Amino acid sequence: MTRRRWIAEHWDEATATLVGAQAEHMARVLRAQAGMEADVVAGGRVFHAEVAAVRPTEVRFNLIAEVQADPALPVTLVLAVYKFDRMEWAMEKATELGVAAIAPVIAQRTEKHLAKAAEKRAERWRRIVHEAAQQSRRSDVPLIHEPGPLSAQVRAASGATRIVLAEQERTTTLRHAIEEAAAAAAAEMPTLEIAIGPEGGWAPGEEALFDANGWRATSLGPRILRAETAAIAALAVVASCLE
Ligand code: SAH
């Protein structure tokens with residue numbers, strides 16, 4: 001039987017501790033008791049562990065042995081802020097598919113009230129990806145950057161291969177761009193940044209900004225996808241090329 005996996009908030013050499021909602025869930029719903037076994041992620045490493053002590057809001061584990069962990073896909077998803085319910089769904093699915101980080105950005109066609117509310121939403125996004133990481137048995141939690149303007153993200157220095165998904169692009173496929181990056185990185189995994197526009201797509205000025213800063217426009221095929229579909233499809237392409 002596969003053991004349940006928990007991502008601990010606190011840890012040291014020999015123990016790890018869950019607090020808050022996770023601990024409450026373990027204590028009350030799962031009726032955790034000393035001796036119960038689980039996989040516990042502590043500081044990005046996965047351990048076979050055993051419950052040592054249960055309190056209503058704190059569960060402590062003894063770490064028994066480290067187990068093999070799967071690394072995240074080396075991708076930062078630059079996701080334009082759009083309708084929160086759909087965007088959050090995209091974040092959950094991106095986490096399941098292995099994304100390393102998500103940078104929410106305010107694009108020109110991001111609705112004004114969403115742009116305003118985005119900052120306060122980041123904590124909720126972190127909770128969503130934490131839960132999704134746990135559910136999909138990841139050994140790490142994707143990093144959610146603070147939401148910020150698209151232009152800052154596009155201009156920021158980066159060692160990654162930078163790709164913008166654009167439905168107008170007809171010649172270069174995402175697959176082709178990733179295969180080139182993989183060939184250039186030789187034995188290493190290339191690191192990638194992949195930008196996805198909001199519901200209304202990128203504004204012409206934004207496309208020019210990407211271009212001027214060395215981002216390559218790529219296509220996911222002839223059909224127009226919703227942003228969340230584009231995110232899932234893009235990560236599936238990356239996984240199939242790199243894993
Ligand atoms: N301009 C659009 C829709 C934008 S879709 C419209 O006509 O309504 C939202 C985002 O998904 C786009 O900005 C782009 O980043 C991505 N996207 C959707 N379909 C795509 C495709 N076929 N190829 C590449 N990117 C795509």
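In this predicted model, the largest nonpolar core has 38 residues, of which Leu77, Trp125 and Ile194 touch the most other members. Two or more residues of this core come from each of strand 7 (73-80), helix 2 (84-96), strand 8 (99-106), helix 3 (112-135), strand 11 (161-165), helix 5 (174-185), strand 12 (192-196) and helix 7 (227-242). Helix 7 gives the largest share, nine residues.

Leu77 illustrates how these parts of the chain meet. Leaving aside residues up to four places away in sequence, Leu77 touches Ala94, Val99, Ala101, Ile102, Ala103, Ile194, Ile196, Ala231 and Leu235. In soluble globular proteins, nonpolar side chains tend to be buried together.

The overall fold can now be considered. The protein comprises seven helices and 13 strands. Its radius of gyration is 20 Å, close to the 18 Å given by the globule rule for 243 residues, and the protein is therefore as compact as a globular protein of that length. Along the principal axes, the C-alpha atoms fill a box of roughly 60 × 45 × 30 Å. Among the contacts with a separation of 6 or more, 71% join residues 24 or more positions apart.

Of the 243 residues, 46% are buried. The protein exposes about 12400 Å², with carbon and sulfur atoms supplying 51% of that area.

Definitions and conventions
Residues numbered from 1 in each chain as written. Predicted model: local features only at pLDDT ≥ 70, side-chain atom pairs only at ≥ 80, totals over all residues. Heavy atoms only, no water. Helix = DSSP H or I, 4+ residues; strand = E, 2+ residues; numbered from the N terminus. Rg over C-alpha atoms; globule rule 2.2 N^0.38 Å. Buried < 20%, exposed > 50% of the residue type's maximum accessible area, 1.4 Å probe, protein only. Contact = heavy atoms within 4.5 Å. Areas by Shrake-Rupley, 256 points an atom, 1.4 Å probe, with all protein chains shown as cover. Core = buried A, V, L, I, M, F, W, Y, C linked by side-chain atoms within 4.5 Å.
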